[in-house]
Amino acid sequence: MNQGIVIGVVLAAVLLLMWLVVMLTRKSGGGSWRSTEVSARVSEALTIFAEQSLQLPSVEEILVFASEAAQSIFGISQVIVFERGEAGGWEARVPRKEELGKVPSGFSGVFGWFVHNPRNAPKSELGHARFGAMRRPLQQAMDHYKVDVFMPLVERGRLMAVVALSLGRTPSASDRQGMRLFRLAATAACANVRLHREAAHLVSLAAEVDLVSKVELSL
């Protein structure tokens, strides 16, 4: 009975995440977002990204798709994705192009900070008080990888990945709003995959428990 309740809660969470992203991206009244904040082209592109990313079956595919979509939507030259490596630590890569290897250990604090600060970190805003003591480490990491914005994808206190953009300009108000919505859509898509896996695991576990119960009854 408890297993059934847990499975139901997880599946409900999946549906809720999908609903939230669709609500963020679908047009309501005159448009998805006010034209003064995000252009019609960017609004449409974000809508497509949000809807299609939810259909991808793995975080790997979502991050590749996010990389390609970000280049198209924001007109940037390069996207770098940071993920946890199998042997521990963080690794960097340019999707479909190049493996950049392990992230220097000196930058590990940056990724730990993102767990509790899951908002975008543009290079142009590092003087803001919210960055505090992380201002210098963030600056060094951005200079090292030649990027202008870090997008942390955080779900339920877990940093799933960081998407870094080489914007090549100071982000406008429209850029900042668009990148915020882009991060939310990418995070929801990755969380959707994770919740599906957890639900599948719980279903499998419930089946095993049911099988053991039947065997015990038969004995």
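The model is predicted, so local features are used only at pLDDT of at least 70 and side-chain atom pairs only at pLDDT 80 or more, while totals for chains, interfaces and linings use all residues. Residues are numbered from 1 along each chain as its sequence is written, and side-chain values use heavy atoms, with hydrogens and water left out.

**Exercise 1. The overall layout**

Work out how many helices and strands the protein chain has, and what pattern they follow along the sequence.

Solution. 
- Step 1: Take helices as DSSP runs of H or I with at least four residues and strands as runs of E with at least two, numbered from the N terminus.
- Step 2: Counting them gives 6 helices and 6 strands.
- Step 3: Reading along the sequence, the pattern is α-α-α-β-β-β-α-β-α-β-β-α.

**Exercise 2. Burial, surface and contacts**

Solution. 
- Step 1: Call a residue buried under 20% relative accessible area, exposed over 50%, and partly exposed in between (1.4 Å probe, protein chains only).
- Step 2: For the surface, accessible areas come from the Shrake-Rupley method with a 1.4 Å probe, and for residues only the protein chains shown count as cover.

**Exercise 3. Following the salt bridges**

Locate the partners of Glu60, Lys123 and Asp175, and describe where these residues sit.

Solution. 
- Step 1: Use the rule that a salt bridge is a side-chain nitrogen of Lys or Arg within 4 Å of a carboxyl oxygen of Asp or Glu. The whole structure has 7 of them.
- Step 2: Glu60 pairs with Arg93 at 3.1 Å, N to O. Glu60 belongs to helix 3 (residues 59–74) and Arg93 to strand 2, so this pair ties together parts that are 33 residues apart in sequence.
- Step 3: Compare the two ends of that bridge. Glu60 is partly exposed at 41% relative accessibility, whereas Arg93 is buried at 9%.
- Step 4: Lys123 bridges to Asp143, with the closest N and O atoms 2.7 Å apart. Lys123 lies in the loop between strand 4 (121–122) and helix 5, and Asp143 in helix 5, so the pair ties together parts that are 20 residues apart in sequence. Lys123 is partly exposed at 28%, and Asp143 is partly exposed at 39%.
- Step 5: Asp175 meets Arg169 at 3.2 Å, N to O. Here Asp175 is buried at 13%, while Arg169 is partly exposed at 34%.
- Step 6: Look for shared partners: salt bridges join Glu60, Glu83 and Arg93 into one network.

**Exercise 4. A charged patch**

Identify which residues form the negative surface patch, then place Glu99 in the fold.

Solution. 
- Step 1: Patches take residues with over 30% relative accessible area and no salt bridge; like charges are joined within 9 Å, and nonpolar side chains (Val, Leu, Ile, Met, Phe, Trp, Tyr) within 5 Å. Asp and Glu count as negative, Lys and Arg as positive, and His and the chain ends are not counted. A charge is placed at NZ of Lys, CZ of Arg, CG of Asp or CD of Glu.
- Step 2: The patch consists of Glu86, Glu91, Glu98 and Glu99.
- Step 3: Glu99 sits in strand 3 (residues 98–102) and is exposed, at 60% relative accessibility.
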